[in-house]
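Please keep the sequence and the 3D view open while you read.

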Amino acid sequence: IASRDDMVLGIAPGRQLADAMETLKSWSVAAPQFLITSVGTEIHYNFGQLRQDERWTRHIQFRWYPERVRDVLTALTQLHPQEPEAQTVNKISYYCENADQSTITAIKSVLRKSLLQARVVVSKNYCVDVLPMRASKGHALRFLATQWKFDLGQVYVAGDSGNDLDMLRGMMKGIIVGNHSDELEILREEPETYFSVKPSAAGILDGLRHYGLISQENAA
């Protein structure tokens, strides 16, 4: 990125903004221009100063009733709330042992009986995030493309867990690192998705080489 003037960097972690920025700083990674944080519920821009996109916040809060959602989900004893610092007004996070598609179905069923809607995301088979229906990493990225008028076909995304799933689908070119969780295996047949055998950052570099963005030497 530092050697090219035709690329910008964005990050889309499940974690909150401050935690993500601290992690980037600890690894001496250049500050990104776009930040999609808290599993797609927040968007920030970083062009000279950090600024939150309030339009996105208003957009996702349509028919979102977090306190009612929390109350209703107390009926599911397999869900254990994550730490207070993991919770936000637009993200309700739980731990759940062996979480899978059946967990998503059970949560949605309970909510539906109370006339509530939410997006349910499982990551790494034990993290469950309940979000507004309009919120996700993929939706946030598409929102960015509309606002900033860039071509999704020129976007390269990398991920390793279930909360990256919808971001890795569609027009974007996907990179799945070698140490990914089981939720991403359903993308094996997707034509625009590359599965690297290398883990973490090495897998991202390997994917960028696969797509011709960097040379073999830089991917080593």
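1. Two strands count as paired if DSSP finds at least two bridges between them, and the strands themselves (E, at least two residues), like the helices (H or I, at least four residues), are DSSP runs numbered from the N terminus. By that rule E3 and strand E4 (residues 50-52) are antiparallel partners, joined by three bridges, with asparagine 46 opposite leucine 50 in E4. The hairpin of E3 and E4 has three residues between the strands, and there glycine 48 takes a positive phi near 95°.

2. A word on the source of these values: this is a predicted model, in which local features need pLDDT of at least 70 and side-chain atom pairs count only at pLDDT 80 or more, while totals for chains, interfaces and linings use all residues. Residues are numbered from 1 along each chain as its sequence is written, and side-chain values use heavy atoms, with hydrogens and water left out.

3. E3 also pairs with E2, again in the antiparallel sense, and here four bridges join the two strands; isoleucine 36 stands opposite isoleucine 43 in E3. In this hairpin, which has four residues between E2 and E3, serine 38 takes a positive phi near 55°.

4. Is E3 covered or exposed? Five of its five residues are buried, where buried means under 20% relative accessible area, exposed means over 50%, and partly exposed lies in between (1.4 Å probe, protein chains only). In a regular strand the side chains alternate between the two faces of the sheet. Both faces of E3 are covered, with Glu42, His44 and Asn46 on one side and Ile43 and Tyr45 on the other.

5. A search of the whole structure finds nine aromatic pairs, a pair being two rings of Phe, Tyr or Trp (its six-membered ring) whose centres lie within 6.5 Å, counted as stacked if the planes are under 30 degrees apart, edge-to-face if over 60, and tilted for the rest. The rings of tyrosine 45 and tryptophan 148 are edge-to-face, because their centres are 5.1 Å apart and their planes stand at 65°. Tyrosine 45 lies in strand E3 (residues 42-46) and tryptophan 148 in helix H5 (residues 137-148), so this pair ties together parts that are 103 residues apart in sequence. Tyrosine 45 is buried, at 2% relative accessible area, whereas tryptophan 148 is partly exposed at 36%.

6. Tyrosine 95 and tyrosine 126 form a stacked pair, with 6.4 Å from centre to centre and 20° between the planes. Tyrosine 95 lies in strand E6 (residues 92-95), and tyrosine 126 in the loop between strand E7 (119-123) and strand E8 (127-131), so the pair ties together parts that are 31 residues apart in sequence. Tyrosine 95 is partly exposed at 30% relative accessible area, and tyrosine 126 is partly exposed at 40%.

7. What is the order of the strands in the open sheet of four strands? The order is E5-E6-E8-E7, and the pairing is antiparallel. Strand E5 (80-81) and E7 stand at the edges, each with a single partner strand, so one side of each is left without a neighbour in the sheet. E7 and E8 pair over five bridges, and serine 123 stands opposite cysteine 127 in E8.

8. The largest nonpolar core has 26 residues, and Ile43, Leu141, Leu144, Val157 and Leu187 touch the most other members; such a core is a set of buried Ala, Val, Leu, Ile, Met, Phe, Trp, Tyr and Cys residues joined through side-chain atoms within 4.5 Å. Strand E2 (34-37), E3, helix H2 (54-60) and H5 each supply at least two residues of this core, and the largest share, five residues, comes from H5. Leaving aside its neighbours within four places in sequence, leucine 144 is in contact (heavy atoms within 4.5 Å) with residues including Phe34, Ile36, Ile43 and Tyr45.

9. Three further strands form an open sheet in the order E9-E10-E11, with parallel pairing. Three bridges join strand E10 (residues 173-176) to E11, and isoleucine 175 stands opposite tyrosine 194 in E11.
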